[in-house]
Amino acid sequence: MKVILIRHGKVDYRWKKWSTSGQFDLDCIKYDQAHTEPVRTEIPEVIYQRSTYGKIYISSLPRTGETAARMFGDNEFTQTGLIDEVPLRSSLEGNVKLPLWFWNISGRLQWLFNHPRQPEGRRDTKKRAKKFVKTLLENGENCIIVTHGFFMHTLIDSLKESGFRIGPAKMKYANGEYVVAERCVGKGLYG
């Protein structure tokens, strides 16, 4: 079983470099609603042959649907919130303007330690990824997943636990970049 994971295309949105907690939270909402720029990378024909792949999964956020439509044309896509990006919000309340890097790092640290300020903690993200992988294994078909950069790492870990080889795995995936996961028979949590 082969799975191709693709990070969505670059989002056409300019984040404020400095913002209050309220401004950062608003930027997060606007980013989730923004459109994507055209995808510059293509999956080589050797890997992607539509006849050998079943579903093309997209998240419930518009940027994955736009990316999939640009890459695969007028195909039918299967939308699921199980592969949405890990939501992010400001790590504290206040009217002091702080740099964007502070909001991103502190919010992701809160996610890592399951802090209730974040809409979802690491524990819940892992559960969501495992539930999605279980669905993939039950379907048992090759597929394509258009998802998000931060979530991809949790999804890749869950695929590995279920007997998939990932190659080549990276610390960061560029927009439009893909990785192939191939399942080794008889390994992992689900069989």
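By class, the lining of the largest pocket holds 15 nonpolar, five polar and eight charged residues. Here Ala, Val, Leu, Ile, Met, Phe, Trp, Tyr, Cys and Pro count as nonpolar, Asp, Glu, Lys and Arg as charged, and the others, Gly among them, as polar. The model is predicted: local features need pLDDT of at least 70, side-chain atom pairs count only at pLDDT 80 or more, and totals for chains, interfaces and linings use all residues. Residues are numbered from 1 along each chain as its sequence is written, and side-chain values use heavy atoms, without hydrogens and water.

The volume of the largest pocket is about 820 Å³. R7, Y31, E85, R108 and F150 are the closest to its centre among the 28 lining residues. Two or more residues each come from α1 (21–33), α3 (100–112) and α5. α1 gives the most, five residues. A pocket is an open set of points on a 1 Å grid over the protein atoms alone, where a 1.4 Å probe fits, with protein on both sides within 12 Å along at least five of seven lines; lining residues have an atom within 4 Å of a point.

The second largest pocket has about 220 Å³ of space. Its lining includes W111, F150 and H153. α5 supplies the largest share, six residues.

H148 sits in the loop between β6 (143–147) and α5 (149–161). H148 is buried, at 0% relative accessible area (buried means under 20%, with a 1.4 Å probe and protein chains only). Its side chain makes a polar contact of 2.8 Å with that of S59 (N or O atoms within 3.5 Å, one able to donate a hydrogen and the other to accept it; residues adjacent in sequence count only if both atoms are side-chain atoms).

Definitions and conventions:
Helix = DSSP H or I, 4+ residues; strand = E, 2+ residues; numbered from the N terminus. Buried < 20%, exposed > 50% of the residue type's maximum accessible area, 1.4 Å probe, protein only. Points joined across faces, edges and corners; volume = space filled by probe spheres on them.
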